[in-house]
Amino acid sequence: MIPRVTATVNLSAVQHNLRQVRKLAPSSRVMAAVKADAYGHGAVPVARALDEAGVDTLAVACMEEAQELREAHLRAPIALLEGVLSPDEAALAAYEGLQVVVHAFWQIELLEAMPSGSNIAVWFKLDSGMHRLGFPLDAVPRLRQALARHPSWRFQGWITHLARADETGSSATIDQIAAFDRALAGVPGARSIANSAGLIAWPSARRDWVRPGLALYGASPLPGKTGAELGFQPALNLESRILAIRTYEAGEPIGYGASYVCPERMPIGVVTVGYADGLHRALPNGSPVIVRGRRAPLAGRVSMDMITVDLRGVADAQVGDPVLIFGEALPAEEVSERAGTIPYELFCGLTNRVRFRYLGGE
Ligand SMILES: Cc1ncc(COP(=O)(O)O)c(C=O)c1O
């Protein structure tokens, strides 16, 4: 059977990207974000590759994601970025030896309700300006009291998350870092501030721990720059195939809504990828795919299973030819920008129709 759409994930690229993170932040330990199925790349294979390459901790959003990794028997500890949501989850986190990121007092109560002496690893998340999750900065003394009351809790450190680290011209990141530092002046414990954009663009955010996600997959969080330009290797190539090639006359419309009209007699290739595979319907005419090493622009709307492309620049194209949708030779940053979104959403949007293959790793 020939797969319609294949995502080939290069695990050696993921490992290279971890080394690149370590080069940028040589004194920091690395908590790798592998939530959301490792940003659509496949949680277990990616986590295993990072584990083999010596990552310090793996971070997931929730208990289901942690359990999937637990079953893979990895060496690295696993952190729950949203923490525990119920007494059952608190007990399970302790049983599984998970680290929990605690962001609210009701979560402290869940941990306090556990049998005394429960051995649970805890991070405290502070809200330094993102205003999504985290304790207010003036909660630090109360949090220290909670730690003092529970000597069996293994305190991992203080986390905050940056809201605008991708905006290199904004002072918001400096303000967040300063607020975090002020709140923790003289307070013991490791610090963790930087996501990918933080660790790439803001050296002062590289503290005891960095928490990259996107950069590990080889994409850039900074607008106008590709991951490759920053020394990262795109880890995922999304490929499809040409299913049909037809020649149409000048003036003939292509696809739903006739959003493209042939300006001259021309070959149109039909490629078997669509929004049901995760390709964004918002991709406009002119957005490229790659056929035989050359760019072929989209001609017509992205539909559920197919796209149509202008093959005038690839006259030798044949039915069955592979077509790169995004990857090394066509950055996900470019494709997502054309679709009005970000590489995160492009990656996470890949659906279970896509066939995954894994290469490399140790
Ligand atoms: C708390 C936290 N830390 C780190 C990350 C990794 O961010 P990025 O993929 O931008 O590096 C995320 C992702 O959203 C996050 O929520």
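This is a predicted model: local features need pLDDT of at least 70, side-chain atom pairs count only at pLDDT 80 or more; totals for chains, interfaces and linings use all residues.
User: At which residues does UniProt place the feature "binding site"?

Analyst: The unreviewed UniProt entry places that feature at Arg132 and Met304, which are spread over 173 residues of sequence and also spread in space, up to 34.2 Å between C-alpha atoms. Of these residues, Arg132 is included in the lining of the largest pocket. Arginine 132 is exposed, with a relative accessible area of 56%, and its place is in the loop between strand S6 (121-125) and helix H7 (140-149).

User: How much space lies in the largest pocket?

Analyst: Rolling a probe the size of a water molecule over the atoms shows where empty space is left. Here, about 1,000 Å³ of space lies in the largest pocket, and of the 43 residues that line this pocket, the closest to its centre are Tyr39, His161, Asn195, Ile342 and Tyr344. Helix H10 (332-338) gives the most to the lining, with four residues.

User: How many disulfides does the structure hold?

Analyst: A disulfide is a covalent bond between the sulfur atoms of two cysteines. The structure holds zero disulfides; for cysteine 62, the closest cysteine sulfur, in cysteine 348, is 13 Å away, which is too far for a bond.

Key
Residues are numbered from 1 along each chain as its sequence is written. Side-chain values use heavy atoms; hydrogens and water are left out. On a 1 Å grid over the protein atoms alone, a cavity is a set of points where a 1.4 Å probe fits but cannot get out, and a pocket is an open set with protein on both sides within 12 Å along at least five of seven lines; lining residues have an atom within 4 Å of a point. Grid points are joined across faces, edges and corners, and a volume is the space filled by probe spheres set on the points. Helices (H or I, at least four residues) and strands (E, at least two) are DSSP runs, numbered from the N terminus. A disulfide is a pair of cysteine sulfur atoms within 2.5 Å. UniProt positions are given in the numbering used here, feature names are shortened, and annotations may be inferred rather than shown by experiment. Buried means under 20% relative accessible area, exposed over 50%, partly exposed in between (1.4 Å probe, protein chains only).
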